[in-house]
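Visitor: I am new to reading protein structures. Could you walk me through this one?

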Amino acid sequence: MSLQTENFTMGVEEEYQILAPQTRQLCTNAQQILPAAQSILGQAVVQPEFRQSQIEIATPICRSLPEVRAQLTRLRHEVIAIAAQNGNRIVAAGTHPFSHWQEQAFTANPHYLELAQKYRGLMHELVTFGCHVHVGIGDREMAVQVMNRARLWLTPLLALSVSSPFWLGTDTGYASYRTQMIARLPMAGPPLVFASYQEYESVVNALVATQIIQRPAQICWDIRLSARFPTLEFRIADMCTTVDEAVMIAGLTRGLVRTCYEQALLNQPYQAVRPELLLAANWCASRSGLESELIDVQTASAIPARELIEVFLEFVRPALQAFGDWDEVCSVVQNTLQRGTSATRQQEIYRRTGSLEAVVDELIQETIPSPIVAQPYSSLMGSEILKL
């Protein structure tokens, strides 16, 4: 087995909030936006989501970070423009600052209604938005070995992406309250270590057999093997507010996968860190983002967040350099450390203005991407579509 660069294709899924501009509240207008969006972008690119107040896009399969940036820029511009024609706005963040979950109608899809029935209040309250990154790995056995190693580095990815500090009109004290909401589900959280793909399948099949889930695609682990595509899917990140942040998370994720892939090829040992420590590390990142200490699970120690980010960057640096992504990813990481995460920026606006509406207004502006002219979009339109 050898390292194959085609293994490291990328696909990014983004879940957007649909807002009424007058009230800044979530509004259930997905069905008014979807037909036009799907007509222009394709049904595989734009999809309904669990709530009628959200909409999801999936990029085509991308083979470079510039492709990811171009596609996210194009798709955000299109969805924002189509929503505006219907009198709505689009926001990218892990939670809405003040809209109530009781007012968010489910999408009339048997799959979604089935989830609501099974998980009851937990699913009814779950009005959250995430950014999912797929990285291609054709060999499922190798994908499991990569996942075993990559699970040690979930904390930096979460800490850099946090964007959900507010819930039901209050500052929760968490940078990613979305993480806490999802963690209550029985099929969520960091994955365990699996000895083989057969063991992975056995566990997933047992969850189906016991009716905890109805199908493998309902696994919500922070990393999972996609049930439909030859990819590892990272689900740890909050919805990234800016395109820069989404590109950063995609680049870091692919760099992490390649680094772990190369380690697995050499059969290098790794720490089978206990799930309790991984959960604690994720909780710390969810609570404070980059504003305090994070847990280095490999040394079982609490260290300053910036220090752990530096350790992570050095770990993935050779892979990022091999892809030609180091300068761009490192620049956005450094900007995030200096400017603050989306959660920090939201909290600062609220402290300054006392207005959650002002927070929403800023999120609307940050969601809009800057134009990109480096590559014509037409050269990307023939790509395959990644969509669950």
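This is a predicted model: local features need pLDDT of at least 70, side-chain atom pairs count only at pLDDT 80 or more; totals for chains, interfaces and linings use all residues.

Visitor: Leaving aside neighbours within four places in sequence, which residues is Leu256 in contact with?
Guide: Contact means heavy atoms within 4.5 Å. With those sequence neighbours left out, the residues in contact with Leu256 are Ala150, Trp153, Leu157, Phe234, Phe312, Phe315 and Val316.

Visitor: How many residues of helix α5 are buried?
Guide: Helices (H or I, at least four residues) and strands (E, at least two) are DSSP runs, numbered from the N terminus. The buried residues of α5 pack against α6, α8 (197-209), β10, β11 and α9. Among them are Met142, Val146 and Ala150. Helix α5 covers residues 140-150 and is mostly covered, the buried count out of 11 being nine.

Visitor: At the start of α5, which backbone nitrogen does a side-chain oxygen of Asp139 reach?
Guide: This can be read as a polar contact: a pair of N or O atoms within 3.5 Å where, within protein, one must be able to donate a hydrogen and the other to accept it, and residues adjacent in sequence count only if both atoms are side-chain atoms. The oxygen of Asp139 comes to within 2.8 Å of the backbone nitrogen of Glu141.

Visitor: Which element gives the most to the lining of the largest pocket?
Guide: On a 1 Å grid over the protein atoms alone, a pocket is an open set of points with protein on both sides within 12 Å along at least five of seven lines, a cavity is a set where a 1.4 Å probe fits but cannot get out, and lining residues have an atom within 4 Å of a point. Of the 44 lining residues, Glu15, Glu49, His132, Cys220 and Arg235 lie nearest the centre of the largest pocket. The lining divides into 20 nonpolar, 13 polar and 11 charged residues (Ala, Val, Leu, Ile, Met, Phe, Trp, Tyr, Cys and Pro count as nonpolar, Asp, Glu, Lys and Arg as charged, and the others, Gly among them, as polar). With four residues, the element that gives the most is α7.

Visitor: How much space lies in the largest cavity?
Guide: Grid points are joined across faces, edges and corners, and a volume is the space filled by probe spheres set on the points. There are three cavities of 30 Å³ or more. Residues lining the largest cavity include Trp153, Pro156 and Asp296, and α6 (154-161) and β12 (293-296) each supply at least two. The space in the largest cavity is about 50 Å³.

Visitor: Is Thr179 buried or exposed?
Guide: Thr179 is found in helix α7. Leaving aside neighbours within four places in sequence, Thr179 is in contact with Leu158, Asp238 and Ser286. Because its relative accessible area is 14%, Thr179 counts as buried.

Visitor: Why does Leu277 count as partly exposed?
Guide: Leu277 lies in helix α10, and, neighbours within four places in sequence aside, Leu277 is in contact with Ile295, Val297 and Ala300. Leu277 counts as partly exposed because its relative accessible area is 25%.

Visitor: What is the phi of Asn267, and is the residue buried or exposed?
Guide: Asn267 lies in the loop between α9 and α10. Its phi is positive, about 55 degrees, although Asn267 is not a glycine. With 64% relative accessibility, Asn267 counts as exposed.

Definitions and conventions: Residues are numbered from 1 along each chain as its sequence is written. Side-chain values use heavy atoms; hydrogens and water are left out. Buried means under 20% relative accessible area, exposed over 50%, partly exposed in between (1.4 Å probe, protein chains only).
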